Amino acid sequence: AERDPRPCSALPRNRGAGHEVSSVGAMQRRGNESRCGVLPRNVRQRIKKARRGGAKLVLGGPFRGLLNGLDAGATGALAEELQDLGHITDLSFSRCELGPERLAIIFPTLLSLAHLATLNLFSNNLGRRGAELLAGVAGQLSMLERLWLGGNSLTGAGVAAVVRALKTCPHLRCLDVSDNAVDAVEAVEVARALRNGLALETLFISHNDLGPDGERAIVLAMCSSTTTLQILDSGISGGIVLNRHLAALGLDLAAFRDADNDAILGFLRD
């Protein structure tokens, strides 16, 4: 028998009882939803759960977020939904790759989330422009405790802008600005911003090109006899190692040569 020359997608399909559409067709339809300004079904389902009283809205994921490829219309629809979720405490857009244009639509609606304590924007292509947009609203998130901004290419200027804005967030305890293209020169500006007004307990700033001088500036800004810091890149490859900066901290080299970050911070707090 001769092979049918039509591509597989054009061949008729046998559909058994209860199988109204092929899985390929269903996938294509779901993919088209966001392109025509409609939120994907799985996103709508999670919003519905949060609307029923759930404290968390997780639209991110460990490998890929649920909002990748969202168009402006669907992003606007998401922003409208968020305005009705003022009770939620945790919001995650991790790995959604939204970019500054779409986040510019979403960020103003964060102000309606009066109880927001955790905001996860890891890997969203913010760049410096996105950092500036976030800085415009971050200082008004008065209940914010944890902010995750790793992997966004914010640059040192962007990180410093966000940190300065966060000084009006009295409950902020955890900040992640790792992997944000901060170089040794910019690290001094970031250190200056960190020095005044933040009472952080956890800071992640690994995987930036801080260099020895940049690291030292961060260490001196964050580690003193009045520090509240408990975790600084603890156990993270590519992070700041405090026992490289013992002299700058005024600590005895012999006593702390083998001490890890947690032990040194514990000593400084005590």
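**Reading the model**

Reply: Arginine 95 sits in the loop between strand S2 (90–92) and helix H4 (99–106). Helices (H or I, at least four residues) and strands (E, at least two) are DSSP runs, numbered from the N terminus. This is a predicted model, where local features need pLDDT of at least 70 and side-chain atom pairs count only at pLDDT 80 or more, while totals for chains, interfaces and linings use all residues. Residues are numbered from 1 along each chain as its sequence is written, and side-chain values use heavy atoms, with hydrogens and water left out.

Me: How much confidence does the predictor have in the protein?

Reply: Look at pLDDT, the predictor's confidence in each residue, from 0 to 100. The mean for the protein is 89, and 87% of its residues reach 70 or more. Residues 1–34 have pLDDT below 50. That stretch has 23 contacts in the model beyond near neighbours in sequence. Contact means heavy atoms within 4.5 Å.

Me: How many helices and strands are there?

Reply: The protein has eleven helices and seven strands. Now see how the chain meets itself. Take contacts between residues at least 6 apart in sequence: 77% of them join residues at least 24 apart.

Me: How many residues of H6 are buried?

Reply: Nine of the eleven, so H6 is mostly covered. The buried residues include Gly156, Val159, Val162 and Ala165. Their cover includes helix H5 (127–138), S4, S5 and H7.

Me: Where does leucine 166 lie?

Reply: Leucine 166 is in the loop between helix H6 (155–165) and strand S5 (174–176). Leucine 166 is buried, at 0% relative accessibility. Leaving out residues up to four places away in sequence, leucine 166 touches Ala138, Leu144, Leu147, Leu172, Leu175 and Leu198. Take alanine 138: 28 residues from leucine 166 in sequence, but 6.1 Å in space, C-alpha to C-alpha.

Me: How many aromatic pairs does a search of the whole structure find?

Reply: Rings of Phe, Tyr and Trp (its six-membered ring) pair if their centres lie within 6.5 Å; planes under 30 degrees apart count as stacked, over 60 as edge-to-face and the rest as tilted. The search finds two pairs. In one, tryptophan 148 and phenylalanine 204 have ring centres 6.0 Å apart and planes at 20°, so this pair is stacked. Tryptophan 148 is in strand S4 (residues 146–148) and phenylalanine 204 in strand S6 (residues 202–204), so the pair ties together parts 56 residues apart in sequence. Tryptophan 148 is partly exposed at 25%, whereas phenylalanine 204 is buried at 17%.

Me: Which residues line the largest pocket?

Reply: First, the term. On a 1 Å grid over the protein atoms alone, a pocket is an open set of points where a 1.4 Å probe fits, with protein on both sides within 12 Å along at least five of seven lines; lining residues have an atom within 4 Å of a point. Here the lining is Leu194, Arg195, Leu198, Ala199, Leu200, Leu220, Ala221, Met222, Ser224, Thr226, Thr227 and Thr228. Helix H7 (184–195) and helix H8 (211–222) are the elements that give two or more residues. H8 gives the largest share, three residues.

Me: How many of the lining residues are nonpolar?

Reply: Seven are nonpolar, four polar and one charged. Ala, Val, Leu, Ile, Met, Phe, Trp, Tyr, Cys and Pro count as nonpolar, Asp, Glu, Lys and Arg as charged, and the others, Gly among them, as polar.

Key:
Buried means under 20% relative accessible area, exposed over 50%, partly exposed in between (1.4 Å probe, protein chains only).
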